[in-house]
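Q: Can you walk me through this one? I'd like to start with a loop and then go on to the packing.

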Amino acid sequence: MAAALITGVCTAALAYALFALAGRDPRTVLPGRARLPLALLAGVLAGAGSAVTADWWTLPLVACLAAFGVLLGIIDARTKLLPNAVLVRFTAVAVPLLLLAAGASGRWGGLVGAAAGAAALFAVYFILALINPAGMGMGDVKLAAVLGLFGGWAGASAWVGTLLGGFLLGGLAGLGVLLFRRGSRGSTFPFGPGMLLAAFTSFVLLA
């Protein structure tokens, strides 16, 4: 319980600090009043996720996924953009944390899985972006590579959950656009939130 509480508080603080990154691009600026609620949401997610993880070296990865995931998810939901300023930092934080987890657990082979998972998920989304560039942006492709690191590290089940869950939740988001916004078949919708939620859930439950 103490570990979950500490992880939640640290994640909320990280998410609060990361919020400023949204303002790096005028297209992705978020209202200031959203800063604290988003930080609290990230903290709650990380606390809940860490409560079901058994290994301490997994907690920083859960915190990273929650903090960056909430920020990227809300940006994409509002603007249909996934800014490089956030994606680059997401990657820059995730890689050292994976190295830490490998060193602490002795699972150096997991790094191979992480690299393979990132490459494979990137390839899947890149092909989809080439087939349907109007429905899948390069931001989604780059996000897939980062999320593939987590799924690949956690194992085959988590990677598959990240892949299939992203498509399932993305499809539900598209259905929501059609039903509640009266969109057409050609309407676009943010795919990132579904990808992020699937990655977080799969990592926490299947790692």
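**Loop, rings and core**

A: K80 is placed in the loop between α3 and α4; helices here are DSSP runs of H or I with at least four residues, strands are runs of E with at least two, and both are numbered from the N terminus. The model is predicted, so local features need pLDDT of at least 70 and side-chain atom pairs count only at pLDDT 80 or more, while totals for chains, interfaces and linings use all residues. Residues are numbered from 1 along each chain as its sequence is written, and side-chain values use heavy atoms, with hydrogens and water left out.

Q: What is phi of K80 near?
A: Phi of K80 is near 60 degrees, a positive value in a residue other than glycine.

Q: What about P83, where is that?
A: P83 is also found in the loop between α3 and α4. P83 is buried, with a relative accessible area of 8%.

Q: Which residues is P83 in contact with?
A: Setting aside neighbours within four places in sequence, P83 is in contact with T28, L72 and I75; contact means heavy atoms within 4.5 Å.

Q: Switching to rings. How many aromatic pairs?
A: The count is eight aromatic pairs. Rings of Phe, Tyr and Trp (its six-membered ring) pair if their centres lie within 6.5 Å; planes under 30 degrees apart are stacked, over 60 edge-to-face, and the rest tilted. One of the pairs is F68 with F90, which is stacked, at 4.9 Å centre to centre and 10 degrees between the planes.

Q: Where do F68 and F90 sit in the chain?
A: F68 is in helix α3 (residues 59-79) and F90 in helix α4 (residues 84-105), 22 residues apart, and the pair links distant parts of the chain. Both F68 and F90 are buried.

Q: Why is the pair of F90 and F150 called tilted?
A: The ring centres of F90 and F150 are 5.8 Å apart and the planes are at 35 degrees, so this pair is tilted. F150 belongs to helix α6 (residues 138-154), 60 residues from F90. F150 is buried, as is F90.

Q: Which residues make up the cluster?
A: Ring pairs link F68, F90, F150 and F203 into a cluster.

Q: Which residues touch the most other members of the largest nonpolar core?
A: F90, Y125, L143, L147 and F150 do, in a core of 56 residues. A nonpolar core is a set of buried Ala, Val, Leu, Ile, Met, Phe, Trp, Tyr and Cys residues joined through side-chain atoms within 4.5 Å. The largest share of this core, eleven residues, comes from α3.

Q: Last topic, α1. Which residues are buried there?
A: In α1, A4, T7, G8, T11, A12, A15 and L18 are buried. Seen down the axis of α1, the buried residues fall within an arc of 135 degrees, so they line one face of the helix; the arc is that of the directions from the helix axis to the C-beta atoms.

Q: What do the buried residues of α1 pack against?
A: They pack against α2 (35-50) and α3. On the other side of α1, A2, L5, I6 and V9 are exposed.

Conventions: Buried means under 20% relative accessible area, exposed over 50%, partly exposed in between (1.4 Å probe, protein chains only).
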